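These are my notebook entries on one protein chain. I set down what I looked up, entry by entry.

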Amino acid sequence: TQFQPGFLFPGIETRVLFGQGTLAKVGEEIGRLGHGRALVLTTPPQAGDGEALAKDLGDIAAGTFTEAAMHTPVEVTERALAAYETAGADCVVSLGGGSTIGLGKAIATRTGCDHVAVSTSYAGSEMTDILGETQGGEKTTRRDPSIRPEVVIYDVDLTLGLPLEMSVKSALNAAAHAVEALYAPDANPVTSLMSLEALEVIRDTLPALAENPRDVEARARMLYGAWLCSTALGYVAMSLHHKLAHVIGGSFDMPHADTHAILLPHTAGFNAGGTDKLAPVADLFGGSVGGGLWDLAKRSGAPLRLADLGLTEADLDRAAEIALKNKYENPRPFDERDIRELLQAAWEGTRPA
Ligand code: NAD
C-alpha cells in the first residue's frame, strides 16, 4: 500500500489523450483551447512529420519551425519566437521528444501561449513544469506553472519508428523519474502509485520491445509507462540521480538518455541503502534494486559504461566535485567519496550488488 499519514496532492491539471491515431485529434484540441493558428515545432529529423501535420491541420496551422535542438539553446528559441510572431500564431504544437517539447515550453513561458505537446519518445518532459535551457554553454533549469503544456497527446503509432537504441535508453530515462519520485520529499500517494505501476510496466515490457521494436502492444505499454513516469516527475522534487545526470550531461556535454540509463542502476542501488521507500522496487527486481535494474538494462541492450561515452576518470573527479556544490534532499546522506565511487562503478559498468 502507498498510504501516507500526511500528504499534499496538488492535482493533475494536464488534459491527456492516449491511444492509436490520436495525432488526428490535434486540430480538435486546438479548437477546444479557443485557438486557430498553431506553429508546429519539430527537430530537423522529424521535419517531414511536422510538415505533414501542418498540412492535415490546414488553416489551423500557422506554419512550421523545424530547428528544435537538444538542451533548448536560447538562440534557437529566439529564432522560433521570431517565426511565431511572423506567422501570426496563437499557440504551439510540439511534435517530438524532450528537445522539441522543451522548445514548446520555452515559447509558451515567454509568450503565455497554450502548448499542445505530442510526445514521441519516453523522456518525459511533456507532463512537467520543468524547463532546462542553455546559453553560452551554461544550462539552467527552472520550474513554473507557465511551462506545463495544457494538452498532451500520446499516439502509439508515432513511437513505432523510434529507433531501438533510443527506445531502450529513453525507457530507462523514464524509469529514473519513477525511482526518484518514490523517495521524493514531496511524494504523494498518487505519484507513488503511478511510479510503482510504471516500474512494473517497464520491467515487463522493455525486453519484449528490445526484441521487436514494431510490436504495437509493447509500444503501447511502454508509452503508458512513460506517461506515468512523466506525470510523477511533474509533481515532485528530484534528488541524487537527476542531479548527477544534470552534471554529467550539462558540464561534460554527454547525451541525455545515455547518461540517465547508465547512472540509474548505480544511483538507485545507492539510495536503496538509505530508504525503505524502494523496498517495493526491490520486490519487483528480484531482491536488488541496483542489480535488478542493471540486469534489465543489460538484457535490453542499453549502454552500461560512462567510459563508452568518452568520459575520462579525471572527468569523474570533477563531476563528483561539482555534484557536491549544491545542496538538495536525498534519502541517503553522501560525501564526495561516495559519489566518486558511484561514478567509478558507472564508468566501469560493473553490476551493483
Ligand atoms: P530528443 O528529443 O533530442 O530526441 C532525440 C532524437 O530522436 C531527435 O532527433 C528526435 O527528433 C528523434 N525522435 C524522437 N522521437 C522520435 C520518433 N518517435 N521517431 C523517430 N525519431 C524520433 O531526446 P529525448 O531523450 O526525447 O529528450 C531529451 C531532452 O529532453 C533533453 O534536452 C532533456 O533535458 C529534456 N528533458 C526535459 C524534461 C523536463 O521535464 N524538462 C524531462 C525529460 C527530458
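The entries below go from the annotated regions to the sheet, the hairpin, the helices and some single residues.

**Entry 1. Model and annotated regions**

I note at the outset that the model is predicted. The record places "domain: Alcohol dehydrogenase iron-type/glycerol dehydrogenase GldA" at residues 14–155. For that span I read 32% helix and 30% strand, and its end C-alpha atoms are 16 Å apart. The record also gives "domain: Fe-containing alcohol dehydrogenase-like C-terminal" for residues 168–347. Here I read 70% helix and 0% strand, with 19 Å between the end C-alpha atoms.

**Entry 2. The six-stranded sheet**

In what order do the strands of the open sheet stand? I read β1-β8-β5-β4-β2-β3, six strands with parallel pairing. The edges are taken by β1 (15–19) and β3; each has a single partner strand, so one side of each lacks a neighbour in the sheet. On average, neighbouring strands of this sheet are turned by 15° against each other, direction ignored.

**Entry 3. Strand β4 and its partners**

I then examined β4, residues 91–96. Is this strand mostly covered or mostly open? It is mostly covered, for six of its six residues are buried. I checked the two faces separately. Cys 91, Val 93 and Leu 95 are buried on one side, and Val 92, Ser 94 and Gly 96 are buried on the other.

With β5 (residues 114–119), β4 runs parallel and is joined by six bridges. I traced two of the facing pairs: Ser 94 has Ala 117 of β5 as its bridge partner, and Gly 96 stands opposite Ser 119 in β5. With β2, β4 pairs in the parallel sense over four bridges. Leu 39 stands opposite Val 92 of β4.

I also looked at what lies over the sheet. Helix α3 lies across β2 (38–41) and β3, and runs at about 160° to β3.

**Entry 4. The β6–β7 hairpin**

Strands β6 (residues 130–135) and β7 run antiparallel and are joined by six bridges. They form a hairpin with two residues between them. In the turn, Gly 136 has a positive phi of about 55°. Thr 134 stands opposite Lys 139 of β7.

How many of the six residues of β7 (residues 138–143) are buried? The number is zero, so I record β7 as lying largely in the open.

**Entry 5. Helix α7**

I compared the length of α7 with expectation. The helix has 23 residues (residues 189–211), which at 1.5 Å a residue should span 33 Å.

α7 bends by about 35° at Thr 205, and Pro 207 follows within four residues.

Within this helix I looked up Glu 197. Glu 197 is 27 residues from Tyr 224 in sequence, and their C-alpha atoms are 9.9 Å apart in space.

**Entry 6. Helix α12**

I listed the buried residues of α12 (residues 289–299): Val 289, Gly 290, Gly 292, Leu 293, Trp 294, Leu 296 and Ala 297. Against which helices do the buried residues of α12 pack? I found α6 (164–182), α7, α10 and α11 (279–284). Just after α12, Gly 301 takes a positive phi of about 80°.

Finally I looked up two residues other than glycine with positive phi. His 71 has a phi near 65° and sits in the loop between β3 (61–65) and α3 (74–87). With 16 C-beta neighbours inside 10 Å, His 71 counts as partly exposed.

Asp 253 has a phi near 55° and is found in the loop between α9 (240–252) and α10 (256–272). Asp 253 has 14 C-beta neighbours inside 10 Å and therefore counts as partly exposed.

Methods:
Residues numbered from 1 in each chain as written. Predicted model: local features only at pLDDT ≥ 70, side-chain atom pairs only at ≥ 80, totals over all residues. Buried ≥ 20, exposed ≤ 12 C-beta atoms within 10 Å, placed from the backbone. UniProt positions renumbered as here; feature names shortened; annotations may be inferred. Expected span 1.5 Å × (residues − 1). Bend = angle between axes of the 7 residues up to and from the residue. Pairing = 2+ DSSP bridges. Axes fitted to C-alpha atoms, helices over the stretch in contact; angles between N-to-C directions. Contact = placed C-beta atoms within 7 Å.
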